[in-house]
Structures are given as C-alpha cells and as structure tokens.
Amino acid sequence: MDRPLGLLAELTYGCPLSCPYCSNPLNLADYCDELTTAEWQRVLGEAQELGVLQLHLSGGEPLLRRDLVEIVKTADELGLYTNLITSALGLSRRRAEQLRAAGLDHVQISIQADEPAVSDRIAGTPSFERKVEAARLVKELGWPLTLNVVLHRQNIDRVAELLRLAEEVEADRVELANTQYYGWALRNRDALLPSKAQLERAEMVARAARVRLVGRMDVIYVLPDYYSQYPKPCMGGWGKRQLTVTPNGDALPCPAAHALPLPRANVREDSLARIWTESPLFQRFRGTDWMPEPCRSCFRREIDFGGCRCQAFQLTGDAARTDPVCHLSPDHGIVAETVQAANDGTRPSEEALIRRPHRGRTL
Amino acid sequence: MSTAVSSSSRPELAPYIRLTFDRAREQHVLLGPESVVLLNRTGADILGLCDGQRTVADIVDELQGRYDRVVDNEVQHFIARLVAKRCVEISHG
C-alpha cells in the first residue's frame, strides 16, 4: 500500500467570502464541532508518521482559526512543508509576521477576477484590494506566492489580464483552475460552465504565457473535465496519495467524498494510520478490483483510475460507475447534454448565482 | 535566469526548495510549493553537492570518488530536469 504524500487540513468551513463555486459541503452547519488545537496537533503527528510531507491548511478560511500560528508551528517542528490556502482576508501584517516566524513555507491566495468590481461580486464581499495588498505583503516577507483563480463562464475571457495581475504582484506560481462541479458549483453549473470557444481562447493565452514566463512564473492551467475525452485521475487514485480531514475530524480520500453513502471514518475515533490502511472508506475504491466495465478492461485504468468516484455518484447515483465525463462511459450523455446547453448561443453570459453562506461555524 | 546546464554551471537549490530525509519512506525528498520529488541515493548525493560553489564538473569528480561509474551526462541531465521543475537554479562562470 502507498503512503500518503499530502494532507488537506480543512480547519474550518467558516469563510468571509461566499463564492458560488465553493467546494465545501452544502450542509455546512453539520461541521460546527471543530477539532481543537490539541486534536489537530495529534493528527499532524500521525500524518507525519504515516508519510505525509505536504500539509495544505485550508477551509473555509483557515485564518479564522485563532490557533493557526500554533498549528503551523507544530507542523514545522514535524518537518512538514506547510501551504496556507487563503482568501487573504485576515492576513494582517502582524498575523503574517507571526506565521512567518512559526515556519509557514508557502502562501496561496485566491483571486476571483482581475477587475475589482467583478472580483468583489463573485466573492460576495469587498475583498479585491485587500487581496492584492496581501499578495504584496507575502512577497515582501519572503514567501513564495501562488495566485489561484477559479475559472468559469463569467471570468474566463480575462485570462490575459489575470496573468498580468499575477506578474504585477510577482507571483511565483499562478493556478488557472477551471471550476470542478461539486457541491455549490454543481448547483450553479449552468451559469458557470463556459463555452468551448471561451475555453479554447483561454487555453491559447495560458499556453503562450507558460512559454513567455518560463523560469519566472509557473503557469498551471487546469482543464475542465466536462470537455475532456477521458476523466481526471482524481487525487492520483483513491486512498493512494492524498487525504483530507474536515473541520469535525472526518477523514476522506477526496474532499468531495463526504457526500458518498459510505461508512464514516473520524480522527476522534481512530488513528490516521488505521483509517488509511484499514477503514472500509479508504479500502472501498483502492486499486482496480472494484472497477466495472468499461474501466476494468481499459488500458487507462492505472492512468485515471476510472475518474472521480464523487462525480460518478453525483451524476448517476452510483459511486462505483465509470466517471460520466469519460466518452466511453454508458452515462456520458449526462455530461454531453450539459456541455451542449453551455454552447447554445442563446445562453446569457451572466446568470444569477446561488451563494454559499458565510459560515457553518459557531464563533 | 538561465535554464541551460553545462559542465561549468554552478547549481544550487532554488530558494523555496527544501532537501530533507523522509523517515517514513527512508529516502531523501525535495519539497517545494505544491511539489514533492522523491530521490534515490545518487540523486540525494548530487543535490547534497549543489551548493552554488561547485561546478557540475566538480560534482562529477566528487561522485567518482564514491561510485564505480559516474556518467558526466547523467549528472547534467538530472540537474537539468530539476532546473526545468524550478527546484534547482544555476549560475555560470
């Protein structure tokens, strides 16, 4: 069995933003009973012993946790490489300096668009100026900086301008990640899924930038799987390289797996090592034995692992089916229809969006 | 910043990259923003010598004292691959 390389620690689902493509669960209120500082510290120790090297501190907004500096300090003492994944709201100079002293290695800031008004509208709160200021602060304090932009129908036509902004704040990496349709994003899918023409233009701009900026800034462009022939290798395989722990201590093989009808595993009840190696949840889709056709006999079964179990469940009601994104899936029609609708010339470019609430957290 | 690697290049780890020993896997690893590179023993030895002072040629000389057979090109290619991943930086002269 492989050891996990990365742990996504979702410290809280509370967030000052209310982005309509948030990957957090719809039932945010069920996650209010958050792990304590000591519980997180124990989990980090267990993760390091299990082989975790990269720690991604995320949420919600991880800066809402008053003990974030303590958690980072523990991770640093364990030798983990620590990444803060943040909206940047709450990253004051004082807090940033404390995190720097605690050993935080890397900061990733989300930006919703390159224009202040559009960015603030998508985020659901005035935040653009503070994000840009925080990005400059991150560089000033000597951290490597990643800017992350979730792309969709309402901002994908401005990839060139987004890249210019990333250059201006001297980002080391920029992630242009097309929306993945889980949770809140799935509810807003029709309003978010771009057209094929939009995608092709964006990809061309990203590809040219990658060449132009080589050695200065890494440009990562994440394709939307709805437009791919084959599915994405979700998490590098189920229970193979990555794991997630949610604010209340649930351990998951994929951050979207909370929705699957599988037995729960929680770090309050069991050690991370036992959950990783023995729990029915992590065993369920490990390897290739669980696969139905057409995956079972497919030459790509060790390349994409049948795609995403959570997407299969969301779209077909059965997590063990081939990811419907795959053109070989018997359910591919579900995806093809959605894509067709996104390319209907009569669809408006800016439809109303359902927002996630700010919190599922008692403060 | 140049990305070409020659025998006179002086490689060193990029500023945000950490070379460390992973006790769980009992092997050396390179850690950086969103990246993990698992290293074999030779790879770890090469990177241990990438101090910004030694040239690629110096590194090959040192390794020849430790191993039976060291191919100049292989060391250069290994370093070039890590330069492309922005794990290693080089200066000339």
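In the predicted model described here, 14 residues of chain B are in contact with 18 residues of chain A, two residues being in contact if their C-beta atoms, placed from the backbone, lie within 7 Å. On the side of chain B that touches chain A, the elements giving two or more residues are strand E2 (18–22) and strand E3 (27–32) of chain B, and the largest share, three residues, comes from E2(B). Helices (H or I, at least four residues) and strands (E, at least two) are DSSP runs, numbered from the N terminus. Residues are numbered from 1 along each chain as its sequence is written, while chains are lettered from A and ligands numbered from 1 in the order in which they are written. Since the model is a predicted one, local features need pLDDT of at least 70 and side-chain atom pairs count only at pLDDT 80 or more, whereas totals for chains, interfaces and linings use all residues.

The secondary structure of chain A comprises 14 helices and nine strands. Its radius of gyration (taken over C-alpha atoms) is 20 Å, close to the 21 Å that the globule rule (2.2 Å times the number of residues to the power 0.38) gives for 363 residues, so chain A is as compact as a globular protein of that length. Along the principal axes, the C-alpha atoms of chain A fill a box of roughly 55 × 50 × 40 Å. Of the 363 residues of this chain, 51% are buried; a residue is buried if 20 or more other C-beta atoms lie within 10 Å of its own, exposed if 12 or fewer, and partly exposed in between, with C-beta atoms placed from the backbone. Among contacts in chain A between residues at least 6 apart in sequence, 73% join residues at least 24 apart.

The nine strands of chain A form an open sheet of mixed pairing in the order E7-E6-E5-E4-E3-E2-E1-E8-E9, where two strands pair if DSSP finds at least two bridges between them. The edge strands, each pairing on one side only, are E7 and strand E9 (251–252) of chain A. Strand E6 (residues 173–178) of chain A is mostly covered, with five of its six residues buried. E6(A) pairs in the parallel sense with strand E5 (residues 145–151) of chain A over six bridges, Val149(A) standing opposite Leu176(A) in E6(A). Five bridges also join E6(A) in parallel to strand E7 (residues 218–222) of chain A, with Val174(A) opposite Val219(A) in E7(A). E5(A), helix H6 (residues 159–168) of chain A and E6(A) make a right-handed β-α-β unit; a crossover is right-handed if, with the strands pointing away from the viewer, the path from the first strand over the helix to the second runs clockwise.

Strand E1 (residues 6–10) and strand E2 (residues 54–58) of chain A are likewise parallel, paired over five bridges, and Leu55(A) in E2(A) is the bridge partner of Leu7(A). Leu55(A) and Leu147(A) are the residues with the most contacts inside the largest nonpolar core, which has 127 residues; such a core is a set of buried Ala, Val, Leu, Ile, Met, Phe, Trp, Tyr and Cys residues joined through C-beta atoms within 7 Å. Helix H5 (residues 128–140) of chain A gives the most to this core, with six residues. Beyond its neighbours within four places in sequence, Leu55(A) is in contact with residues including Leu44(A), Leu80(A) and Tyr81(A).

Two cis peptide bonds may be described in chain A. One joins Gly59(A) and Gly60(A), with omega about 5°, and Gly60(A) is found in the loop between E2 and helix H2 (68–77) of chain A. The other runs from Glu293(A) to Pro294(A), with omega near 5°, Pro294(A) being in the loop between helix H11 (280–283) and helix H12 (301–304) of chain A.

Chain B has three helices and five strands, which follow the pattern β-β-β-β-α-α-α-β along the sequence. The radius of gyration of chain B is 13 Å, close to the 12 Å that the globule rule gives for 93 residues, so chain B is as compact as a globular protein of that length. Buried residues make up 27% of the 93 residues in chain B. In helix H2 (residues 56–66) of chain B, the buried residues are Val56(B), Ile59(B) and Val60(B). Seen down the axis of H2(B), these fall within an arc of 100° (that of the directions from the helix axis to the C-beta atoms), so they line one face of the helix.
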